[in-house]
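Please look over the chain below before reading on, and keep it at hand while the text moves from the overall fold to its parts.

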Amino acid sequence: MPISLPELNDPKALTPENVDAAIRGKTPGFYVLGVMGENKLMTVTYVGRSDDDLASKLKRHAANYPAFAFGTAETAVLVYQGECRLYHALKPSKHVMHPIRRGGAERACPVCRQ
Ligand SMILES: [Zn+2]
């Protein structure tokens, strides 16, 4: 079954200023971290999410990763599912564990049902 990737914005350098400029207020969201290559192609080494405050989570990564891209969603369930799709599609090298689900079976991973 093909994996549909959630929509991400264009990758940017991961600095607190860029995070604040890109994300207004508190929102759930998922993100990828890695290295920016040519033509704004990113090599992704980490995939994550925040269930309630994407911007502050990204800022905590700012010292460790040069670039980020993100997408937002309205609920924690959608954010988890977005993170799962990214995780399965990109197989990030620094994120060997499957994303952790909070909640019951109705929140299962859309790809592997974990
Ligand atoms: Zn999965």
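The model is a predicted one, and its protein chain contains three helices and four strands. Followed along the sequence, these elements give the pattern β-α-β-β-α-β-α. The radius of gyration of the protein chain is 13 Å, close to the 13 Å that the globule rule gives for 114 residues, so the chain is as compact as a globular protein of that length. Taken along the principal axes, the C-alpha atoms fill a box of roughly 40 × 30 × 20 Å, and buried residues account for 32% of the 114 residues. When contacts between residues at least 6 apart in sequence are considered, 71% of them join residues that are at least 24 apart.

The strands come together in an open sheet of four strands with the order S1-S4-S2-S3 and antiparallel pairing. Because S1 and S3 stand at the edges, each with a single partner strand, one side of each is left without a neighbour in the sheet. H3 packs on this sheet and touches S2, S3 and S4, its direction making about 155° with that of S3. Strands S2 and S3 pair over eight bridges in the antiparallel sense, and within this pairing Phe30 stands opposite Arg49 in S3, while Tyr31 has Gly48 in S3 as its bridge partner. In a regular strand the side chains alternate between the two faces of the sheet. S2 and S3 also form a hairpin, with five residues between the two strands, and Asn39 in the turn has a positive phi of about 60°.

The helix H3 deserves a separate look. H3 has 15 residues and reaches 21 Å from its first C-alpha to its last, which is close to the 21 Å expected at 1.5 Å a residue. Its buried residues are Val79, Tyr80, Gln81, Gly82, Glu83, Cys84, Arg85, Leu86 and Tyr87, and the buried residues of H3 pack against S2, S3 and S4. After H3 comes Lys91, whose phi is positive, near 45°.

Which residues touch the most other members of the largest nonpolar core? This core has 22 residues, and those that touch the most other members are Tyr31, Val32, Leu58, Phe68, Ala69 and Phe70. Two or more residues of the core come from each of strand S2 (29-36), strand S3 (42-50), helix H2 (54-60), strand S4 (67-72) and helix H3 (76-90), and H3 gives the most, with five residues. In soluble globular proteins, nonpolar side chains tend to be buried together.

Thr15 lies in the loop between strand S1 (12-13) and helix H1 (16-22). Why is Thr15 classed as partly exposed? Thr15 is partly exposed because 15 other C-beta atoms lie within 10 Å, a count that falls between the 12 or fewer of an exposed residue and the 20 or more of a buried one.

How values were computed:
Residues numbered from 1 in each chain as written. Predicted model: local features only at pLDDT ≥ 70, side-chain atom pairs only at ≥ 80, totals over all residues. Core = buried A, V, L, I, M, F, W, Y, C linked by C-beta atoms within 7 Å. Rg over C-alpha atoms; globule rule 2.2 N^0.38 Å. Contact = placed C-beta atoms within 7 Å. Expected span 1.5 Å × (residues − 1). Pairing = 2+ DSSP bridges. Axes fitted to C-alpha atoms, helices over the stretch in contact; angles between N-to-C directions.
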